[in-house]
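Visitor: Pick one part of this model and take me through it slowly, please. I'd like the cut-offs spelled out as you go.

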Amino acid sequence: MAYDLLVIGGGPGGYHAAEKAALAGLKTMLATDGPVGGVCLNEGCIPTKALLYSAKVYEAAKGSAKYGVRVGGAELDHGAVIERKRKVVSALTGGVTRRLRKAGVTVAQGGAVIRGKAGGAFRAEVGGEAVEASSLIIATGSSPIMPRIEGLDRALGTGFAMTSSGMLESAAVPRRLVVVGGGVIGLEMASYYNSAGSEVFVVEALDHIAGFTDREISSMLMAEYERKGVRFLLKGTVTALGDGMVRYGLDGGAYELNADTVLMSVGRRPNVAGLGLESIGVETKGGRIPTDGRMRTNVSGAYAVGDVNGESMLAHTAYVEAEVAVDNILGVRRSVRYGAIPSVIYTNPEVAGCGETEESAAGKGMAVEVRKKPLAYNGRYMAESEGDPGLCKILLEKGTGRIVGVHMMGPYASEVIFGASAFMEMEMTGADVAGMVFPHPTVSEMIKETLER
Amino acid sequence: MAVPIVMPKQGQSVETCVIVGFSKKVGDAVALGDVIFSYETDKAAFELESECEGVLLGAFYGEGDDVACLSTVCVVGEPGEDIGPFRPDAPGGPDKGGGPATAETATDGGDGPAATAGPDRKAPPGGGGVPISPRARRLAEKAGVDYGGTVGTGPNGRIIERDIQALASAGRKATVGAAAAMAASAGSASGASYPGTGLGGRATIKDLEAAGAPGAAAEAAPGGDGDGGYAETRLSGARRIIASTMQRSLAEMAQLTLHASFDAGAVLGLRARIKAGGEAMGIGNVTLNDMVLYAVSRVLPRHGAMNSHLVGDSVRTFGKVHLGMAVDTPRGLLVPTVMDAGGLTLGMIAKAASELAAKARSGGISPDLLTGGTFTVSNLGVYGVEAFTPVINPPQVAILGVCGLTDKVRAASGGPGAAGLQTYPSMGLSLTFDHRAVDGAPAGRFLKDLCDALERFDLLLCM
């Protein structure tokens, strides 16, 4: 069959691109070897949010007395939490499937392998069927990185070690969980199992958790989780896994830790193998497919969106990259702007940020003025919190006063941060934003509050 | 007694002037005839000489301010006198023009009928007969704003400057930050690529920087004379006008240039005779260029198509020849007009041309003398240029370039007996015309007639 566009991969980048392209009139095939929705919908963003919300409700019930509400015998039924998560995921994947069908996308279950290019069209094999397409969007996503750790393969085989996907299906709450990697995924899982009653250790190779998050906020987040009982082993490296045992190195010493389950969350690697990229000469670099701002690979007509290009590995980045790739295929010249893409960690409290951090600004030699205030300044926060930490920090470029970074920790931070993205897209100054009207009382007011001296 | 010093009105078409700089500081003594400040229109610069004595008590505007004509700029009087009542914003103050922000609205109502008169009124780009103030039209032309179909916010729906500004910013969507940068650079960011790279095609600050907008670049590239080894100078008002006029001319017209030359023996001979004996008869200096102007003024009426303006879909052919003459001045190219040159003798044309050139070079020329031309002559002969492609001054349809003298050879004339070659002084003419309005053959005929006339200049003098 001949198509205008073949999209390989059914995650946010792939299904969004396929739907947009089909609605624009392109004859589109979406090839996916897993369920539509990809990692995000099936074993990432959405299911973890379902779990974390259950944890939040449970924590609220446990701590309700502080708010004058007496609740007896609050319990977290992990099996029921997982069951609810399944329903949420199923409803959402069903929704995506219907949308694709309505848009007229041909969805082919089965892996796609690119076979070459002939007469201006890409040739591929999808589930054994030969397919031709004038344009190609590679949206094959990423997989968890498996570092070289002695005994890891065996531990994965026995179920002692798991990835986040496995954890989300597991009906058991481990008594002791060792999380290898203190990034976003590791922290969200640590947060849930901490609430669910596990004793949680987080082993992180760096001297801080939460990756590129503002360092002050990541320190506050770590302190909050230490208060909740999570143990952090910074600058620690897991060297071996045995039966119920984790060996790690720390400060030159070697230690062992008993554990019921080990979560591997050291990071994710783009999926570039086995796609037949070499048959059309798509370049890979450091295990990813480099793209320009218009999502073009080095091969004319072939685009790469989402985790596979290694640019930002966030579902919402994949969405915008998918839109840009389809626009460029349709002849609309457009580029992705990576400068104002927000990011969120759905811990409790939430952490959200957009733009430069103090650390990244310093790295770029940008002179910034930092405005920050604790959330204790905020009425809504005070009405709804009992001593939880919270901070709002805004970076203004010196000279111009333009907002170049916003970082928040606290309730609703995930819902407030889109505003920061808008400020930065519009290149607004702190004074511009301070002149806006924010609804009272809301946590979003912290932005205005922080900008006012 | 305190005396208000107002911004003079330099010509009918001038509504505001920009203060270039003050020669006196507040508190300085001012004597009769002292220069208090200098100011410029978009075409010329002037100095304001005091007509009273005292001390500069205060100034309401600063360097670079665009001040409505007849507004009070500053006050001279005795120390201690109250200048409050002279403030442009003072209630019941003497300044009926108001401050700069309202200046246009205030001065606009009066010149409605004038907008359609005069040969030099330019057609709006796509604007048809839309009522628009000259100032707004200038901005529209500069910013490339199509205001057709727009109803302005001025009196009777007249489009005034702020309407064009609004249209310009709406047409060129920008981020909040970029819009602020554009406003800071007074709209000179129109070179930014469209659409921009920002949200929804908005221009971003980076886009403006890429387009070299001064407001945005000032932050990014301080010290133009640093490592790059260049000096950055902001274009003067006059230079900006030249830039946009020339750009528009080449962008909008179908220009091409014909080159021809004529035997300059006759004009050189006459010039030598005037030099030798003209003074005794009261005839001043007459240059070769004056003779070309004279020849054009006599030949052009027979070629009406060349003495025209192309305005929108129609050609306006003029009965009289108003000759623009390109003058090189320290502020850049200026083109004063010898009005009704066809009615002047050679001596009168020479006198008018020399006076206009002097005024233009001094910078103190009235803007009214810089408009109204129906045809332009530009002379680069003194630099030994042998041919060039002069750029038409819109909405005119042609311009004549006058080139230098060269010696040429030709077969000796004089019948079958004459043999060999002879040299003769030759002068080149380069005629650029707008092919939209005129075809090559009529343009060629005009050029040939002009060459013939110059070769028989003595006969031409009878006209």
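Guide: Helices here are DSSP runs of H or I with at least four residues, strands are E runs of at least two, and both are numbered from the N terminus. Before we zoom in: this is a predicted model, in which local features need pLDDT of at least 70, side-chain atom pairs count only at pLDDT 80 or more, and totals for chains, interfaces and linings use all residues. Residues are numbered from 1 along each chain as its sequence is written, chains are lettered from A and ligands numbered from 1 in the order in which they are written, and side-chain values use heavy atoms, with hydrogens and water left out.

Let's start on helix 7 of chain B (residues 237–252), where Arg248(B) and Glu252(B) sit four residues apart, about one turn of the helix. The two form a salt bridge, with their closest N and O atoms 3.9 Å apart; the rule wants a side-chain nitrogen of Lys or Arg within 4 Å of a carboxyl oxygen of Asp or Glu. Arg248(B) counts as buried at 16% relative accessibility, while Glu252(B) is partly exposed at 44%. The cut-offs there are under 20% relative accessible area for buried, over 50% for exposed and partly exposed in between (1.4 Å probe, protein chains only).

Lys351(B) is exposed at 54%, and Glu355(B) is partly exposed at 42%.

Over all chains the structure holds 33 salt bridges. In chain A, Asp214(A), Glu216(A), Glu358(A), Lys372(A) and Lys393(A) are linked in a network of them.

Now for the interface, where the rule finds zero salt bridges between chain B and chain A. In all, 14 residues of chain B are in contact with eight of chain A, contact being heavy atoms within 4.5 Å.
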